[in-house]
Structure formats: structure tokens, C-alpha cells
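These are my notebook entries on one structure.

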Amino acid sequence: MINPVSSNEAIIGGNPYSYLFKPSYSTQGREAAKFAAQKFTDNKKLFIFYETDRDSIVATAYRETIERDSFNVIRFERLTNEDAQQIQIDFTDQYEVRLDTMYAQAEMDSIALIPGRIVRTRSLRNEETGRIIRDNNGDDVIETYEVKFTVQPDSIGHIFAATSSNLLANNFISMVEVRSDSIGIIGYSDWLNFSLVSYAQLERLQVDFLSPSFYDVGDDNFERIRQVVIENLAEEPSEYHIYGFELIWHLGKMMDKHGKYFQRGLVSGDLSPGFLMQGLKYGPYNDNQVVPITTLNNLELQNQSIKQEVDEPNEDSNK
């Protein structure tokens with residue numbers, strides 16, 4: 001039995017002849033952590049947030065994997081939409097430090113280019129009366145001060161946010177943009193469908209997405225399958241058309257290579273490249289170990305791993 005749409009390991013239980021076509025939740029978390037461990041090497045401190053029970057499986061696997069790579073998980077918390085505002089306050093809370101040095105505008109502009117540094121000026125006021133203090137010429141006395149975040153800039157390297165909540169995702173994106181430091185974010189590909197978040201914003205912040213079902217709609221192979229679906233069903237292909245085609249594609253290849261007991265060939269752990277999706281790889285596991293991590297480049301979603309070449313389908317396979 002091969003389940004084509006679920007990522008729930010409980011469905012296959014301990015049956016050695018049952019497989020998940022998609023990566024399980026724990027595999028998704030584990031592979032995302034491996035990606036993060038390679039990307040965020042300069043700062044190994046991170047926060048992990050999750051929302052639902054399903055998300056907790058992903059988040060726990062992420063934590064266990066990345067901690068084995070000497071990363072330090074500072075916060076590991078379950079969130080609800082009601083927590084969204086408080087999280088944003090925690091990350092954007094600021095305080096002021098008065099500076100003894102007066103900076104020229106050019107100097108302040110240079111400092112502003114440094115991530116997390118915000119230097120401002122204002123008229124100095126009497127602390128008791130609140131009135132503006134003026135010099136002997138009647139001009140305002142100017143003070144220089146720096147705005148600092150309570151959570152210091154670059155104090156953590158990245159955030160893993162296992163949530164499909166539009167509100168929570170929007171708050172994570174907004175708070176990182178306000179801070180203007182180098183905190184990275186890894187979230188779900190669901191975020192790309194949210195109305196509150198723009199593609200330009202996600203690309204500017206270099207957000208990475210856990211995308212277990214990724215397929216490239218700009219790929220020539222997708223266009224070929226799209227035309228077949230339109231010609232036969234008079235509708236655009238859905239996600240389930242893609243799963244159906246890809247599953248039959250792999251079953252045909254595996255039976256051709258290994259015979260009717262094709263599961264014996266899966267234990268090798270070799271990658272079986274897909275036609276539309278990234279591919280299949282099992283080894284000692286009963287769920288697909290291939291987990292694409294995507295990002296936006298020129299407002300187009302791109303897989304950050306390389307898709308291997310596959311054999312061209314003939315006319316019969318297209319039918």
C-alpha cells in the first residue's frame with residue numbers, strides 16, 4: 001500500500017509493506033533542520049515556534065536534529081493566534097540610549113547601514129517641565145540617541161515557524177522586517193498563499209519554505225501534463241492530478257526495474273528522480289525522504305536542491 005496524499009506516519013503504522021508517497025511530518029522537520037544547519041553556520045542560536053499537534057511533530061524533529069549539530073534552541077514554544085501580538089512585541093520592543101557624541105547627518109546615514117543600528121536626533125527637553133531647551137542664540141539644543149531592541153540584533157541566527165496560520169506568519173514576517181537585522185526564517189510553503197504577505201516581502205527577507213509537495217509550474221514537463229489534463233478533463237490540473245500522475249510514473253519505473261516485488265528495490269536508498277516532483281528515496285524508511293526547501297528568486301519559487309534528469313515519456317506514458 002502506498003498512500004499518495006498523507007504525511008501522517010500513523011497511517012502506515014509498523015507495516016513494512018506500507019509506504020507514504022510524501023515525506024512524513026518528522027522527516028520534514030529533520031530534513032529542514034539539515035538544510036538550516038548548513039545555511040545558518042554563523043549563528044547557531046535559534047527560536048522554534050509551532051501551532052498544532054501536527055506542527056509539533058515537525059518542530060520536535062527539527063529541534064532534535066539541529067541540536068545534534070551543536071545548535072542552541074533558545075525558545076521552543078507552542079503558539080496560537082492570540083499569541084501573535086505578544087510575539088511581535090517581544091521582538092520589536094525597543095529602548096533608548098542617550099549618546100554623548102553628536103553625529104553629523106552623514107555619520108548617522110552610515111550607521112543606519114549597519115544591521116540593527118538606529119541613531120536619531122531630537123530637540124532636548126527639560127525632564128521636569130517637558131519644555132524644549134534652547135541655547136543662547138535661541139536655537140533648540142539637539143540630543144543624539146540610539147534606539148536598541150530588547151532582543152539584541154543578531155542574538156539569534158534564525159527562526160523555524162511551523163505554522164499554517166495567516167496571522168502568525170504575517171507577524172513573523174513583519175517583526176523581522178522591522179528589526180532590519182539578519183534573522184533568517186524557515187516556514188511552510190502555505191505562506192505563499194496568504195493575502196497578508198507579499199512575494200516581494202518574502203523574497204527581500206530571503207524566507208525559506210518547507211515544500212514537501214513542490215513541483216515547478218514553469219517546467220516544460222508540467223506544461224505537457226497540463227495540456228493532457230485540459231484536453232481530457234477540460235480543467236486545469238489540481239494538486240491531486242499531479243500526485244496521481246507522479247505516483248503512477250514512479251510505480252511504472254519501479255516495477256520495470258525491480259519486478260512486482262518492487263519494494264525490495266526501495267531499501268537501497270537510491271534516489272528515483274521524478275517527472276514533475278523532486279523524486280523518491282526510501283532506504284530503511286517507509287516514507288519519502290526527499291524534502292524540497294524552496295525560496296523566491298525574481299518572484300518565482302525555486303527549489304534549492306538540484307532536480308536530476310529523468311527519462312522522457314513516450315506517447316503511451318503520456319496517455
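I took helices (H or I, at least four residues) and strands (E, at least two) as DSSP runs, numbered from the N terminus. The model is predicted, with local features needing pLDDT of at least 70 and side-chain atom pairs pLDDT 80 or more, while totals for chains, interfaces and linings use all residues. Residues are numbered from 1 along each chain as its sequence is written, and side-chain values use heavy atoms, without hydrogens and water.

Entry 1, pocket. I defined a pocket on a 1 Å grid over the protein atoms alone, as an open set of points where a 1.4 Å probe fits, with protein on both sides within 12 Å along at least five of seven lines; lining residues have an atom within 4 Å of a point. I found about 770 Å³ of space in the largest pocket. Its lining has 29 residues, and S189, S211, S213, F214 and E239 are the closest to its centre. Strand 14 gives the largest share of this lining, 3 residues.

I called a residue buried under 20% relative accessible area (1.4 Å probe, protein chains only). A nonpolar core joins buried Ala, Val, Leu, Ile, Met, Phe, Trp, Tyr and Cys residues through side-chain atoms within 4.5 Å. The largest core has 48 residues, and Y62, I159, F160, F172 and W191 have the most contacts inside it. A second, separate core of 20 residues includes F245 and F275.

Since 10 of its 14 residues are buried, helix 5 is largely enclosed by the rest of the structure. Among the buried residues are F172 and R179.

Key:
Points joined across faces, edges and corners; volume = space filled by probe spheres on them. Buried < 20%, exposed > 50% of the residue type's maximum accessible area, 1.4 Å probe, protein only.
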